[in-house]
Amino acid sequence: MRLIRMRTAKATAAALVAFPLAFGGLASQSQAQGASPSPSGTFGPGCSGLAQKADTAKDKVVEAAAAYPQLSQLVSAVVRAGLNGTLDGKPHITVFAPDAQAFQKVTASQLSSLLGNQGQLKKVLTYHVVDQQINPDQLSHGSFTTVEGSKLTTSGSGTSFKVNGKANIVCGNIKAANATIYVVDTVLQPPS
């Protein structure tokens, strides 16, 4: 009889713990789907489709980007250009990270040419990086100098922002140990 009471007590305790966790989990899922921009949360129409392999807040920017399969082409290009150590070594940067769809907009010959010219590849990739941490509040009418040396601009409001008037931020405010990542749907080109 005592054994049955102990088992019943353990089952009841487990149910009492599981019940709030289940509702807490559902609440956090519904919040994530309808998230609004704030310095502490991600936002954008593409966040739900951006599959993530792990929590990236403790990883340096290149490893954090590698956790997202949709950013694999960007990570490969960064490694090919020899920029992974440079980007991981910079504190408090912002990366406007082109996703797989952005690379699909570039023709095969343009991409091949870019990947074959390390100097040009570095120039294009460093144009996607700003040497300061940009929070969502700064995106409405932003103008920032990139690591490449040229300016890029941001505009928009709410959860809809553009870079240089044409690239959409599809998922923003992703945190890495040394960076904030804004996923964009276009490969940005520095002014010639």
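Let's start with Phe43. Phe43 is buried, at a relative accessible area of 2%. Buried here means under 20% relative accessible area, exposed over 50%, partly exposed in between, with a 1.4 Å probe and protein chains only.

Some ground rules. This is a predicted model, where local features need pLDDT of at least 70, side-chain atom pairs count only at pLDDT 80 or more, and totals for chains, interfaces and linings use all residues. Residues are numbered from 1 along each chain as its sequence is written, and side-chain values use heavy atoms, leaving out hydrogens and water.

Now the rings. How many aromatic pairs does the structure hold? There are 3. Rings of Phe, Tyr and Trp (its six-membered ring) pair if their centres lie within 6.5 Å; planes under 30 degrees apart are stacked, over 60 edge-to-face, the rest tilted.

Take Phe43 with Phe161. That pair is edge-to-face, 5.6 Å centre to centre, 70° between the planes. Phe43 lies in the loop between helix H1 (2-33) and helix H2 (61-66), and Phe161 in strand E5 (residues 160-163), so the pair ties together parts 118 residues apart in sequence. Helices (H or I, at least four residues) and strands (E, at least two) are DSSP runs, numbered from the N terminus. Phe161 is buried too, at 4%.

Next, Phe43 with Tyr182. This pair is tilted: 6.4 Å centre to centre, 55° between planes. Tyr182 sits in strand E7 (residues 179-184), 139 residues from Phe43. Tyr182 is buried, at 0% relative accessibility.

Last slide. Phe43, Phe96, Phe161 and Tyr182 form one aromatic cluster.
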